[in-house]
Amino acid sequence: MSISVIGIGDNVVDKYLHSGVMYPGGNALNFSAYAKLAGVPAAFMGVFGNDEAARHVQDTLHELQVDITHCRYYVGENGYACIRLKNGDREFVAGNKNGMLREHPIKLSQDDLYYISRFDLVHSSINSHLESELEKIKRNQRVVSFDFSGRGTDEYFEKVCPWIDYGFVSCSGLSLGEIKEKLDKLYHFGCRHVIATSGHEGVYYFSANGYLEWRPKYIEPVDTLGAGDAFLTGFMLSIIQSGTDAPDNEKVMSAMRAGGRSAAQVLSHYGAFGFGKPYSTS
């Protein structure tokens, strides 16, 4: 089945403090890059500054042939995050909270909405400052996925979940009971399919069809940055390519395995998907 996808929202560079190298990243941007690297036509709609970080991300997307024709551009800092690695696990040390995107959130025009409606899947995230536009997107779109990371209040979930088909939430460090409680909460706030990830401990899914869990094979990580984004991309591509809006348990388990394969590839190198470049510290 031929499909195309778009990520809308956050882009950053991840600046590795131990090496002085920056890598393109951000949940929505990673989704678009991973989809394109998997052979799926992909676009990204976001907000760029005009510094060396912004230029590096744009150059990378041009090289990958990800469509960025509907991005916004401003004078100022691009989003960035400073990263420290500890035994292969990434720790976020500092950042500028998405730079120009935070100052200039995306407001969708009718032309934007028409453009977005051409894609089979729209993905965004809690870091994308897109909450006020989600209803517009969903009313023009068959499938919307969203990454809540490990954050969000009940008030936030009540506002966002009704417009989300597939919601992803990070639950590392939570007990199984706490994970099931989070799945149930997001589902009852309106999210139709909820997927919780907990690193190599497991993946947990809840929908009207019930509850499923899957445990990936442990892989010693070089760098965990981007693994969750790679999982959700692989999962969603598998779901969309299955050609149904209501996947049965077999299709969900197949999607989990596909997500696991995507995440495993990311664990073996630095950066979300490579394309590292030294950055100036002046």
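I call a crossing left-handed if the near helix is turned anticlockwise from the far one by less than a right angle, and right-handed if clockwise. I keep in mind that this is a predicted model, where local features need pLDDT of at least 70, side-chain atom pairs count only at pLDDT 80 or more, and totals for chains, interfaces and linings use all residues. Residues are numbered from 1 along each chain as its sequence is written, and side-chain values use heavy atoms, with hydrogens and water left out.

**Entry: helix 1 and helix 2**

I started with helix 1 (residues 27-37) and helix 2 (residues 52-64), which pack at an angle of about 25 degrees with their axes 10 Å apart. Helices (H or I, at least four residues) and strands (E, at least two) are DSSP runs, numbered from the N terminus. The axes are lines fitted to C-alpha atoms, for helices over the stretch in contact, and angles run from 0 to 180 degrees between N-to-C directions. I count angles under 35 degrees as roughly parallel, over 145 as roughly antiparallel, 65 to 115 as roughly perpendicular and the rest as oblique. Helix 1 and helix 2 are therefore roughly parallel, and their crossing is left-handed.

Which residues of helix 1 and helix 2 meet? I found L29, A33, K36 and L37 of helix 1 against V57, L61 and L64 of helix 2, where contact means heavy atoms within 4.5 Å. By class, I noted six nonpolar, no polar and one charged residues. Here Ala, Val, Leu, Ile, Met, Phe, Trp, Tyr, Cys and Pro are nonpolar, Asp, Glu, Lys and Arg are charged, and the others, Gly among them, are polar.

**Entry: helix 1 and helix 8**

Next I looked at helix 8 (residues 227-241), which packs with helix 1 at about 55 degrees, their axes 9 Å apart. That makes the two helices oblique to each other, and helix 1 passes helix 8 in a right-handed crossing. From helix 1, the contact takes N27, N30, F31, Y34 and A35; from helix 8, D229, A230, L232, T233 and L237. The classes come to six nonpolar, three polar and one charged.

**Entry: a loop with positive phi**

I then visited the loop between strand 7 (89-95) and helix 3 (100-103), where K97 sits. K97 has a positive phi near 55 degrees and is not a glycine. N98 is in the loop between strand 7 and helix 3 too, with a positive phi of about 75 degrees.

Are K97 and N98 buried or exposed? I use buried for under 20% relative accessible area, exposed for over 50%, and partly exposed in between (1.4 Å probe, protein chains only). K97 is exposed at 64%, whereas N98 is buried at 12%.
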